[in-house]
Amino acid sequence: MKDTLFEPIRSPAGTPWKVLIADDEPEVHEVTRLVLGGFRFEDRPLSFLSAYSAAEAFELIRAQPDIAVLLLDVVMETEHAGLEIVRRIRQELGNHRVRIVLRTGQPGQAPEQHVISSYDINDYKEKTELTAARFQTTLFVALRGYRDLMTIETSKQGLEQVIDASAEIFSQREDSSFAAKVLKHLARLSQADGITLLCRAEDAGTDQQRYPIALSTAPHADLVGREADQVLPDSHMASLRSALHNRSHVFGSDHYVLHFIDSNEHESLLYIGEGGVIGEVERKLLEVFSTNVSIAYKNLHLNQDLVDSQLEMIWLLAGAAETRSRETANHVLRVGLLAELLGRAAGLDAKAAENLRLAAPLHDIGKIGIPDAILNKPGSHSPEETAIMRSHAQLGAQMLGNSKRPLLQLASRICLEHHENWDGSGYPNGLHGEAISLEGRIVALADVFDALGSNRVYKAPWPRERIREFLIEQTSRKFDPHLIDLLFARWDDAEALRKQYPDS
């Protein structure tokens, strides 16, 4: 079990973006601060750091890895001191987040084409071309890139911790240890410095309805046994009552209430207070974990076996990815069922086909790490956006690949391969033919078949004949021709899945 803390991108409003100016000319520092003094990005100002040598710049980056942008001169101690620092930052420190803008007053010393192709920099500017307006534009682009990279990295780390935390709570067999683990992980995921409480719902639906505190995190252990209304403000008590009444989670601006119920209809509420404002990605991760807590609590009292618990977690994680991309949970359900259908037809035994049904819904789990602006963009993507969008295949594979569970290892392989094409034109690795696993080929076909017949933000459902024409056209291009034959032979069964599990 990993013990590293999830560190979300949740800077309070007004927290500055760190910008490091590395130049041996003091005037450059003064002019940069003057030009960018009033600059703001996402309602946050800049905080400037100065280095007058490459060595000093390297030490600052080492000491403060949260520096967002490095404005770097080429010629300092030596003619190529800046370029050498770029290499050390990327290779020695492994810092690929900081956006590096190379500025030079002597372009002949570092020709742009050579520098761009040989060094991992993000922009190249001659000092003479940097007007105030262009300078601000350059910084906007750099900070957007830094923000998006950090969103992806944060989502990956957060989802890994959600999976690890979920696995631990699913392993609990006693009420007391279950609740203690949940409180511990909620405090970590929410980064709450305030109160984290487990409240029982007593006498629900009556005039004597009570919320006794059954458990609390260590700093507030003295609250156990007291009534919640003796501790919490009225507005927060209103959230507890709303969560109980609606049997749903409540997310306030500075507190969260999570509702869950066991098989005996006993209801409990988890309260996280004074957690501060969280970003959209962190909220989605917290929602995923919260839903997992509900399911694990039910499983605890139903004494369901570990396999059933894992399955519920998989569906929730898969559904979370589809919800982010404005698709429906039934899409991933149908993809799993269709994959099982095709797997059996392709010769998989019953257990392997069942595992394929269970793993297939996680094929797009990496989408949880893609920024909303790119994921749900109704128009076409720019080349840079396309690269970020396509990264979901590798991101999903990385998220699941370290698991020792065969089901998640299978899901990891499917994540990585379901955008590979039969003719080798797919991504991320350009695999060809049977170099793509059978499971990857099956899910690729099942995903496209169901997506074409479903409503999306960018299209209406395609009619039956148009789907068939497209699949025929893409046979031996995108899809394994043998699998196309198997699908066509079972077309009515495949379409029946959409009627049985329609989008809502």
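1. Ser476 is partly exposed, because its relative accessible area is 37% and the class lies between buried, under 20%, and exposed, over 50% (1.4 Å probe, protein chains only). Its phi is near 70°, a positive value in a residue other than glycine. Ser476 sits in the loop between α16 (464-474) and α17; helices here are DSSP runs of H or I with at least four residues, strands are runs of E with at least two, and both are numbered from the N terminus.

2. On the basis of the model: it is predicted, so local features need pLDDT of at least 70 and side-chain atom pairs count only at pLDDT 80 or more, while totals for chains, interfaces and linings use all residues. Residues are numbered from 1 along each chain as its sequence is written, and side-chain values use heavy atoms, with hydrogens and water left out.

3. Helix α17 covers residues 481-489, and its buried residues are Leu483, Ile484, Leu486 and Leu487. These residues lie on the same side of α17, because they cover an arc of only 160° around the axis, the arc being that of the directions from the helix axis to the C-beta atoms. An α-helix has 3.6 residues a turn, so residues three or four places apart point the same way. The face turned away from the buried side of α17 carries Asp485 and Ala489, which are exposed.

4. What does a side-chain oxygen of Asp480 reach at the start of α17? The backbone nitrogen of His482 is within 2.9 Å of that oxygen. This is a polar contact (a pair of N or O atoms within 3.5 Å; within protein, one must be able to donate a hydrogen and the other to accept it, and residues adjacent in sequence count only if both atoms are side-chain atoms).

5. Glu42 is in the loop between β2 (40-41) and β3 (44-51). The relative accessible area of Glu42 is 46%, so Glu42 is partly exposed.

6. Five strands form an open sheet in the order β8-β7-β11-β10-β9, and the pairing is antiparallel. β8 (213-216) and β9 (250-251) are the edge strands; each has a single partner strand, so one side of each lacks a neighbour in the sheet. Strands count as paired if DSSP finds at least two bridges between them. Strand β7 (residues 196-200) and strand β11 (residues 267-273) run antiparallel and are joined by five bridges. Across this pair, Leu198 stands opposite Leu270 in β11. Helix α7 (residues 234-246) packs on the sheet and touches β7, β9, β10 (255-261) and β11, where contact means heavy atoms within 4.5 Å. The direction of α7 makes about 25° with that of β10; axes are lines fitted to C-alpha atoms, for helices over the stretch in contact, and angles run from 0 to 180 degrees between N-to-C directions.

7. On cysteines: Cys199 is buried, at 0% relative accessibility, and Cys415 is also buried, at 0%. The whole structure has zero disulfides, a disulfide being a pair of cysteine sulfur atoms within 2.5 Å.

8. Arg87 belongs to helix α3 (residues 81-91). With a relative accessible area of 31%, Arg87 is partly exposed. Leaving aside neighbours within four places in sequence, Arg87 is in contact with Glu92 and Tyr119. Arg87 and Asp120 are 33 residues apart in sequence and 7.5 Å apart in space, C-alpha to C-alpha.

9. Tyr427 and Pro428 are joined by a cis peptide bond, with omega about 10°. Pro428 lies in the loop between α14 (406-417) and α15 (438-452).
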